[in-house]
Amino acid sequence: MKLTALQLLLWQSALWLVQEASPPGPGSSLPQSFLLKCFEQMRKVQADGTALQERLCATYKLCHPEELVLLGHALGIPQPPLSSCSSQALQLTGCLRQLHGGLFLYQGLLQALAGISPELAPTLDTLQLDISDFAVNIWQQMEELGVAPAVPPTQGTMPTFTSSFQRRAGGVLVTSDLQSFLELAYRALRSFAKP
């Protein structure tokens, strides 16, 4: 319940910030309708990821991603770059491309988790669909701005989870990383709000 209240507060602050934020510079803003849709999609993805984490914790006692970091390195779970979205180097085109690429990466990572467990499959499927919708929204905005790459990204090598434990631990790590990615994406997109 506390997490739901926190997510609601985040959503309300996103609405306020979209109206109050100032853009980083001329020509560097995004339409409010696009941003509101992004913030709603982020909220859904965040809720789906949290639900998956909570179920992995409750069912398999995998509750602390920090305890699994070494396994994550051994499994080769990649991290998406967001250098163009940082406050020091904020750049609209590069940031949108990196956000789309990151969402595309998470789609691949979640596909690699297929077979995590029959009980978690519906939650994993919902998370994949919501990430896909968010990625499509970003891609469409890039096309509208005329900055979409000529060739859509291709999926790189994904980790191979060879056991049920690796898939479940990978699920904890991927959803934890996804939450961090969404926090950075939220801050970056908020920066592109029109005054």
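What follows is a short chat about helix packing, an aromatic pair and a glutamine in a predicted model.

Q: How many aromatic pairs are there in this predicted model?
A: The count is two aromatic pairs. One of them is formed by phenylalanine 39 and tyrosine 186.

Q: What is the geometry of the pair of phenylalanine 39 and tyrosine 186?
A: The pair is tilted, at 5.1 Å centre to centre and with 55° between the planes.

Q: Where in the chain do phenylalanine 39 and tyrosine 186 sit?
A: Phenylalanine 39 is in helix α2 (residues 32-60) and tyrosine 186 is in helix α6 (residues 164-191). They are 147 residues apart, and the pair links distant parts of the chain.

Q: Phenylalanine 39 and tyrosine 186: buried or exposed?
A: Phenylalanine 39 is buried, and tyrosine 186 is buried too.

Q: Switching to helix packing. How do the axes of α2 and α5 run?
A: The axes of α2 and helix α5 (residues 121-145) come within 9 Å and cross at roughly 160°.

Q: Left-handed or right-handed, α2 passing α5?
A: α2 passes α5 in a left-handed crossing.

Q: Which residues make the contact of α2 and α5?
A: On α2 they include Phe34, Cys38, Met42, Val45 and Leu52, along with Lys37, Lys44, Asp48 and Arg55. On α5, Leu124, Leu127, Ile131, Phe134 and Ile138 are among them, as are Asp130 and Asp133.

Q: How do the residues of that contact divide?
A: For α2 with α5, there are 11 nonpolar, six polar and six charged.

Q: And α4 against α5, what are the numbers there?
A: Helix α4 (residues 92-112) and α5 have axes that come within 9 Å and cross at roughly 155°. The two helices are therefore roughly antiparallel. Their crossing is left-handed.

Q: What makes up the contact of α4 with α5?
A: From α4, the residues include Leu92, Leu96, Leu99, Leu103, Tyr106 and Leu110, plus Arg97 and His100. From α5, they include Leu124, Leu127, Ile131, Phe134, Ile138, Trp139 and Met142. The residues of this α4 and α5 contact divide into 15 nonpolar, five polar and one charged.

Q: One more on α4. Why does glutamine 98 count as buried?
A: Glutamine 98 lies in helix α4. Its relative accessibility is 17%, and buried means under 20%, so glutamine 98 counts as buried.

Q: What does glutamine 98 touch?
A: Not counting residues up to four places away in sequence, glutamine 98 touches Pro81, Leu82, Ser83, Ser84, Cys85 and Phe181.

Note on methods. Residues numbered from 1 in each chain as written. Predicted model: local features only at pLDDT ≥ 70, side-chain atom pairs only at ≥ 80, totals over all residues. Heavy atoms only, no water. Phe/Tyr/Trp six-rings, centres within 6.5 Å; stacked < 30°, edge-to-face > 60°. Helix = DSSP H or I, 4+ residues; strand = E, 2+ residues; numbered from the N terminus. Buried < 20%, exposed > 50% of the residue type's maximum accessible area, 1.4 Å probe, protein only. Axes fitted to C-alpha atoms, helices over the stretch in contact; angles between N-to-C directions. Left-handed = near helix turned anticlockwise from the far one by under 90°. Contact = heavy atoms within 4.5 Å. Nonpolar A, V, L, I, M, F, W, Y, C, P; charged D, E, K, R; others polar. Parallel < 35°, antiparallel > 145°, perpendicular 65-115°, else oblique.
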